[in-house]
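Please take the sequence and the coordinates together, and keep both in view while reading. The paragraphs below lead from the overall make-up to single residues.

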Amino acid sequence: MAEQDRKEGFIEELVECHFCAGFIPDEFKCILCGEDLLDTEMTTRTKTVCSNCRTDVNEDAEECLNCGTAFT
Ligand SMILES: [Zn+2]
Ligand SMILES: [Zn+2]
């Protein structure tokens with residue numbers, strides 16, 4: 001049994017909060033600073049991370065280089 005246990009996950013997209021510059025799941029309220037993000041008209045920066053370890057990954061990556069999670 002040389003085969004590794006392949007963890008499965010997905011690529012999670014996070015958006016940047018204009019107030020605290022933290023990256024959060026796309027929600028209406030920042031989970032970090034509590035500011036309301038409903039009416040923001042500014043361009044929002046986003047990034048994609050591994051759902052398992054939250055390491056930055058390319059949005060078209062097939063697996064996480066950090067923890068080995070396979071994205072389905
Ligand atoms: Zn915030
Ligand atoms: Zn990972």
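Before any detail is read, the confidence of the prediction deserves attention, since where pLDDT is low, the predicted coordinates should not be read in detail. For this protein the average pLDDT is 88, and 88% of the residues score at least 70. Among the elements, strand 5 has the highest mean pLDDT, at 96, whereas strand 3 has the lowest, at 92.

The secondary structure consists of five strands and zero helices, so that from the N terminus on the order of elements reads β-β-β-β-β. Of the 72 residues in the protein, 7% are buried. As for how the chain meets itself, 40% of the contacts between residues at least 6 apart in sequence join residues that are at least 24 apart.

How are the strands arranged in the sheet, and in what order do they stand? Three strands form an open sheet, in the order 3-2-4, and their pairing is antiparallel. Strand 3 and strand 4 stand at the edges, and because each has a single partner strand, one side of each is left without a neighbour in the sheet. Neighbouring strands of this sheet are turned against each other by 45° on average, when direction is ignored.

The two pairings that build this sheet can be followed residue by residue, bearing in mind that strands of a sheet pair through backbone hydrogen bonds, either parallel or antiparallel. Strand 2 pairs with strand 4 over five bridges, in the antiparallel sense. Along this pairing, Glu 12 stands opposite Val 49 of strand 4, and Leu 14 has Lys 47 in strand 4 as its bridge partner. Strand 2 also pairs with strand 3, again in the antiparallel sense, here over three bridges, and on this side Glu 16 has Phe 23 in strand 3 as its bridge partner.

Strand 2 and strand 3 form a hairpin with six residues between them, and within the loop that joins strand 2 (11-16) to strand 3 (23-25) one finds Ala 21. Ala 21, although it is not a glycine, has a positive phi of about 65°. Is Ala 21 buried or exposed? Because 10 other C-beta atoms lie within 10 Å, and a residue with 12 or fewer counts as exposed, Ala 21 is exposed.

A second residue with a positive phi is Arg 54, which is not a glycine either and has a value of about 65°. Arg 54 lies in the loop between strand 4 (46-50) and strand 5 (70-71). With 14 other C-beta atoms within 10 Å, Arg 54 is partly exposed, because this count falls between the limit of 12 or fewer for an exposed residue and that of 20 or more for a buried one.

The loop between strand 3 and strand 4 holds Ile 31. In sequence, Ile 31 and Cys 17 are 14 residues apart, while in space they are 9.4 Å apart, taken from C-alpha to C-alpha.

How values were computed
Residues numbered from 1 in each chain as written. Chains lettered and ligands numbered in written order. Predicted model: local features only at pLDDT ≥ 70, side-chain atom pairs only at ≥ 80, totals over all residues. Helix = DSSP H or I, 4+ residues; strand = E, 2+ residues; numbered from the N terminus. Contact = placed C-beta atoms within 7 Å. Pairing = 2+ DSSP bridges. Axes fitted to C-alpha atoms, helices over the stretch in contact; angles between N-to-C directions. pLDDT = per-residue confidence, 0-100.
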